[in-house]
Amino acid sequence: MDRENQPINLKDVLIEMKDISELMVDLAYSAVLFESNAIADEVIELEERMNDLVYQARITSMMSVRRIEETEPMSGLLQLAEASERISNHAADIAKNIMRHVSFPANLRRALPEAEEATHRTVVAAGSPLDGARLGDIKLQSVTGIRIIMIRRMRQRFYDPDKHTVLRSGDVLVGRGPEYGFPELCELAGQPVPGDNDLTSSPINDLDRAAALMIEMKNISELSVGLAYSALLHDNLDLANEVVALEEELDEMRLRLDLWTLEAAKRVDDVASLRGMLYMSSFAESISDAASSIADVVLREIEVPPIIKRIVRESDEIIAWVTVHEGSTLDKKSLAESHVGTVTGMVIFAVKHENRWIYRPARNVCLYAGDLLVARGRRDGEEKLYCLCGADTDEIDNFEEE
């Protein structure tokens with residue numbers, strides 16, 4: 001790839017680095033779930049793009065600093081770039097292990113769909129209902145619950161496609177959403193649904209416990225990243241400290257997971273099949289470490305330049321931060337009753353209620369006026385979330401002008 005033709009705007013480079021690193025995490029877990037070389041291939045190709053962006057970020061940052069007082073804000077930007085690079089490197093390691101035919105226990109693959117969100121990949125077949133369809137016309141997310149986050153067309157990639165995007169046969173679709181929507185997505189794309197005949201039950205309790213703990217580690221590591229970006233966006237010390245606390249909790253979980261996996265090895269004929277579990281625990285811990293690196297910018301009181309807020313706001317998945325107003329649709333309703341996820345497409349990953357944070361709130365968590373919601377999703381979903389909370393959507397514009 002000709003590096004001279006790469007973008008030289010540091011903000012654009014860092015936005016793409018953030019988006020690619022998060023996409024690589026989703027794809028890496030999906031590759032494990034389906035033991036798919038094709039999905040692993042996508043991860044490895046994205047790593048090549050990330051390498052070019054890392055080079056570009058370093059060159060651009062060196063050219064941007066002219067005075068000593070500019071070095072501290074730049075160090076914060078470079079920590080953000082380094083975190084994205086570390087996440088992508090470990091996602092690529094998982095993909096390479098799949099390409100080397102490192103196996104992952106069926107217990108883990110059976111548990112992965114129980115994670116909070118799954119990532120799916122399919123290809124649009126010629127003559128299928130999706131061939132030639134416009135995303136806005138078919139309302140794919142409303143029908144299947146799955147939001148398309150990337151389309152690969154030959155060597156081109158389109159991130160976060162909008163409602164005007166027209167699908168073509170041969171397009172590789174990568175979507176995020178509930179497991180139950182995947183069969184319908186495959187049907188619309190004219191593709192068979194991957195079978196799960198090999199996801200048979202195992203009598204090994206230790207390995208079942210390890211698989212369940214691995215899913216908890218996955219959820220916590222992804223939560224850490226969302227909280228870290230929120231801490232950065234709002235220069236919030238409390239959230240930054242929570243990210244560090246979650247990292248320590250995840251370190252303890254990894255010790256337990258590794259122990260249970262080793263205990264399971266005593267009763268498994270093919271011990272090599274357990275290597276994948278150990279790789280996965282390292283992967284989740286690495287994501288959490290990268291999140292701590294992002295939060296460290298706030299903890300060390302490094303000056304957060306305005307460009308960082310624009311990076312977080314202009315990426316494919318934005319972070320929303322909104323207060324529930326009295327008498328609004330969400331006031332005194334549970335997340336299940338209000339159907340927030342279905343209506344907005346946003347994932348609520350933290351709620352602050354009376355000075356207490358609730359992370360990964362369950363569907364039965366009730367919201368009240370004054371509660372602060374932290375969510376991630378698309379920009380149009382953010383506007384819907386503001387409306388449900390009774391907040392003025394003009395606040396979004398005011399925030400972006402800061």
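The largest share of the lining of the second largest cavity in this predicted model, 5 residues, is contributed by helix α1. Both α1 (10-34) and β2 (147-153) supply at least two residues of that lining; helices (H or I, at least four residues) and strands (E, at least two) are DSSP runs, numbered from the N terminus. The lining comprises Asp19, Ile20, Glu22, Leu23, Asp26, Arg147, Ile149, Tyr159, Arg176, Asp316 and Glu317. By class, 7 of the lining residues are charged, 4 are nonpolar and none is polar, where Ala, Val, Leu, Ile, Met, Phe, Trp, Tyr, Cys and Pro count as nonpolar, Asp, Glu, Lys and Arg as charged, and the others, Gly among them, as polar.

The volume of the second largest cavity is about 100 Å³, and a search of the whole structure finds 2 cavities of 30 Å³ or more. A cavity is a set of points, on a 1 Å grid over the protein atoms alone, where a 1.4 Å probe fits but cannot get out, and lining residues have an atom within 4 Å of a point. Grid points are joined across faces, edges and corners, and a volume is the space filled by probe spheres set on the points.

Residues are numbered from 1 along each chain as its sequence is written. Local features need pLDDT of at least 70 and side-chain atom pairs count only at pLDDT 80 or more, while totals for chains, interfaces and linings use all residues; side-chain values use heavy atoms, with hydrogens and water left out.

The structure holds 2 aromatic pairs, defined for rings of Phe, Tyr and Trp (its six-membered ring) with centres within 6.5 Å; planes under 30 degrees apart count as stacked, over 60 as edge-to-face and the rest as tilted. One of these pairs, Tyr29 with Phe283, is tilted, at 5.2 Å centre to centre and 40° between the planes. Because Tyr29 lies in helix α1 and Phe283 in helix α10 (residues 275-299), the pair ties together parts that are 254 residues apart in sequence. Tyr29 is buried at 4% relative accessibility, and Phe283 is buried at 1% (buried means under 20% relative accessible area, exposed over 50%, partly exposed in between, with a 1.4 Å probe and protein chains only).

Tyr29 also has a charge over its ring: Lys218 lies over the face of Tyr29, at 4.8 Å from the ring centre.

The structure holds 0 disulfides, a disulfide being a pair of cysteine sulfur atoms within 2.5 Å. For Cys389, the nearest cysteine sulfur is that of Cys387, 9.4 Å away. Cys389 is buried at 0% relative accessibility, and Cys186 is buried at 2%.

Most residues other than glycine have a negative phi. His101, in the loop between α3 (71-99) and α4 (106-111), has a positive phi near 65° and is exposed at 64% relative accessibility. Asp235, in the loop between α8 (205-234) and α9 (237-265), likewise has a positive phi, of about 50°, and is partly exposed at 49%.

Lys333 is found in strand β6 (residues 333-334) and is partly exposed at 35% relative accessibility. Lys333 and Cys366 are 33 residues apart in sequence and 5.2 Å apart in space, C-alpha to C-alpha.

Note on methods. On a 1 Å grid over the protein atoms alone, a cavity is a set of points where a 1.4 Å probe fits but cannot get out, and a pocket is an open set with protein on both sides within 12 Å along at least five of seven lines; lining residues have an atom within 4 Å of a point. A charge sits over a ring if NZ of Lys or CZ of Arg is within 6 Å of the ring centre and within 35 degrees of the ring normal.
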